[in-house]
Amino acid sequence: MANILNLDALKNMKLNYDPSPWATCENTFKQIISDDDFPVSHWTYHSQRKLAEALGKKGSQEWYQHNVKTRPLLELGVKEPYMPDELADIWLSVASDLLSDDYIECISDVSEYNVRTLQFQAHFWEFGPGSFFQPHVDKPHKMVTHLMYLTDNWVPEMGGCLQLLRSADLKDVVVEIAPRKNTSALIRRTDSAWHAVTPIPKDMQTVRKVLQVWFWDTPAT
């Protein structure tokens, strides 16, 4: 039985197919996770942000776009949390829940894709001021993604919404999912599963916090 993940709520997610397979969940966690428990160490900025800085482009549009950093909770195929001594106890419980057969079965059932034999990883993400993701389709081997939103007091002006599109055209949005705390979104990869993240204003003081789980049919590169 899961300690922190609300598997009953996750199991009740309904898969939608327009424009590509997706589902959402309210009350993803059984309890509200305090912002004070969010990890504070072992973060790495996006490689494109670091490249922009190395090229003297700090403060450019490219730099802001990739103003994103990540911190592992579970590395690919690893059964122990990353740097557990520097994680709040609640995240150790979440890691245990993610590794459970019940969670894997739940994601397989909801996504209508058998993830039981796949490797997965779980990373925390912080989207900082000015960051966004252009419309894209995930890598061919990233089969299912589960996004769990952790930002306190989200309001529309903060941006950071997940958009599902029919094409690479930003005007072709079908669904927009707000990153409200304790909700989550699941997307299943197809060759036409276009998605994006809307820009966070450059003067925004709050960052968009996410725990993201990916299921891969081959090791990530």
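**Pockets and rings**

Author: Let's start with the largest pocket, which has a volume of about 760 Å³. Of its 33 lining residues, the closest to the centre are Trp125, Phe133, Lys142, Gln212 and Trp214. Bear in mind that this is a predicted model.

Reader: Which elements each supply at least two residues of that lining?

Author: Strands E2, E3 (68-74), E4 (119-127), E5 (133-136), E6 (142-149), E10 (194-197) and E11 (208-216) do, and so does helix H2 (47-54). By class, the lining of the largest pocket has 13 nonpolar, 15 polar and 5 charged residues.

Reader: And what lines the second largest pocket?

Author: That one has a volume of about 180 Å³. It is lined by 14 residues, and Lys79, Ile104, Leu118, Gln119 and Phe120 are the closest to its centre. Helix H5 (101-111) and E4 each give at least two residues to this lining, which divides into 8 nonpolar, 2 polar and 4 charged.

Reader: On to the rings. How many aromatic pairs does the structure hold?

Author: There are 11 aromatic pairs. Take Phe29 and Trp91: their planes are 90 degrees apart and their centres 6.5 Å apart.

Reader: What makes Phe29 and Trp91 a pair, and which kind is it?

Author: Centres have to lie within 6.5 Å, and planes over 60 degrees apart count as edge-to-face. With 6.5 Å and 90 degrees, Phe29 and Trp91 therefore form an edge-to-face pair. The pair also links distant parts of the chain: Phe29 is in the loop between strand E1 (22-25) and strand E2 (44-45), while Trp91 is in helix H4 (residues 89-98), 62 residues apart. Both Phe29 and Trp91 are buried. Ring pairs also join them with Phe38, Trp43 and Phe124 in a cluster.

Reader: Why is the pair of Trp125 and Phe127 called stacked?

Author: Their planes make an angle of 25 degrees, with 5.8 Å centre to centre.

Methods
Residues are numbered from 1 along each chain as its sequence is written. This is a predicted model: local features need pLDDT of at least 70, side-chain atom pairs count only at pLDDT 80 or more; totals for chains, interfaces and linings use all residues. Side-chain values use heavy atoms; hydrogens and water are left out. Rings of Phe, Tyr and Trp (its six-membered ring) pair if their centres lie within 6.5 Å; planes under 30 degrees apart count as stacked, over 60 as edge-to-face and the rest as tilted. Helices (H or I, at least four residues) and strands (E, at least two) are DSSP runs, numbered from the N terminus. Buried means under 20% relative accessible area, exposed over 50%, partly exposed in between (1.4 Å probe, protein chains only). On a 1 Å grid over the protein atoms alone, a cavity is a set of points where a 1.4 Å probe fits but cannot get out, and a pocket is an open set with protein on both sides within 12 Å along at least five of seven lines; lining residues have an atom within 4 Å of a point. Grid points are joined across faces, edges and corners, and a volume is the space filled by probe spheres set on the points. Ala, Val, Leu, Ile, Met, Phe, Trp, Tyr, Cys and Pro count as nonpolar, Asp, Glu, Lys and Arg as charged, and the others, Gly among them, as polar.
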